Amino acid sequence: MTPYHVRRDIAAPPATIWTILTDAKRLSNGSFSILRIDGQIALNQSFKLWSEVDPKRAFPIKVAVMEPETRMEWHGGMPFGLFLGNRQFMLGPSETGTQFIMQETYSGPMKPLITRFIPDLQPSFEKFADALKQMAEANA
């Protein structure tokens with residue numbers, strides 16, 4: 001299984017985009033395919049996320065990496081590393097402002113079994129990136 005991946009050039013500075021990416025309330029406004037976030041998006045903090053992909057299920061997530069205005073990683077999965085999901089958010093320069101990249105990869109011994117049951121996340125990745133671009137450019 002290839003990782004889910006999305007890329008957008010956003011006509012806004014990294015600081016504007018970063019402010020949105022780390023604001024649980026903004027991400028939960030319905031535009032990003034996220035229904036609810038309980039907790040704070042901050043380094044070494046854990047939170048629960050409900051998404052449109054599976055509205056009845058809360059996904060426990062930990063912010064494992066946070067390099068302001070550059071990179072953030074969310075980790076989630078099963079105990080003992082049986083199955084791990086790693087979502088990366090990356091910001092870098094582009095001709096129009098900032099290039100945003102989001103991707104998700106999976107690992108662990110149960111990966112072959114579990115990934116067969118993960119729905120196609122690409123539409124929600126596209127929706128997230130489009131909402132981020134729209135909101136960041138409106139606030140730039």
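**Notes on a predicted model**

1. Let's begin with Arg7, which is found in strand β1 (residues 4–10); helices (H or I, at least four residues) and strands (E, at least two) are DSSP runs numbered from the N terminus. This is a predicted model, in which local features need pLDDT of at least 70 and side-chain atom pairs count only at pLDDT 80 or more, while totals for chains, interfaces and linings use all residues. Residues are numbered from 1 along each chain as its sequence is written, and side-chain values use heavy atoms, with hydrogens and water left out.

2. How exposed is Arg7? Its relative accessibility is 43%, so Arg7 counts as partly exposed; buried means under 20% relative accessible area, exposed over 50%, and partly exposed in between (1.4 Å probe, protein chains only). Leaving aside residues up to four places away in sequence, Arg7 touches Gln99, Phe100 and Ile101 (contact means heavy atoms within 4.5 Å). With Gln99 there is also a side-chain polar contact of 3.3 Å. That term covers a pair of N or O atoms within 3.5 Å; within protein, one must be able to donate a hydrogen and the other to accept it, and residues adjacent in sequence count only if both atoms are side-chain atoms.

3. Two backbone angles are worth a look. Ser33 is not a glycine, yet has a positive phi of about 70°; this residue is found in the loop between α2 (24–27) and β2 (34–38) and is buried at 6% relative accessible area. Asn44, also not a glycine, has a positive phi of about 65°. Asn44 is found in the loop between β2 and β3 (46–51) and is partly exposed at 48%.

4. On to the rings: a search of the whole structure finds seven aromatic pairs. Rings of Phe, Tyr and Trp (its six-membered ring) pair if their centres lie within 6.5 Å; planes under 30 degrees apart count as stacked, over 60 as edge-to-face and the rest as tilted. Phe47 and Trp74 make an edge-to-face pair, 5.1 Å centre to centre with 80° between the planes. Phe47 lies in strand β3 and Trp74 in strand β5 (residues 71–77), so this pair ties together parts 27 residues apart in sequence. Both Phe47 and Trp74 are buried.

5. The pair of Phe83 and Tyr106 is stacked, because the ring centres are 5.5 Å apart and the planes are at 20°. Phe83 sits in the loop between β5 and β6 (84–94) and Tyr106 in strand β7 (residues 97–107), 23 residues apart. Phe83 and Tyr106 are buried.

6. Finally, Phe32, Phe47, Trp74, Phe89, Phe100 and Phe128 form one aromatic cluster; Phe100 is also among the residues that Arg7 touches.
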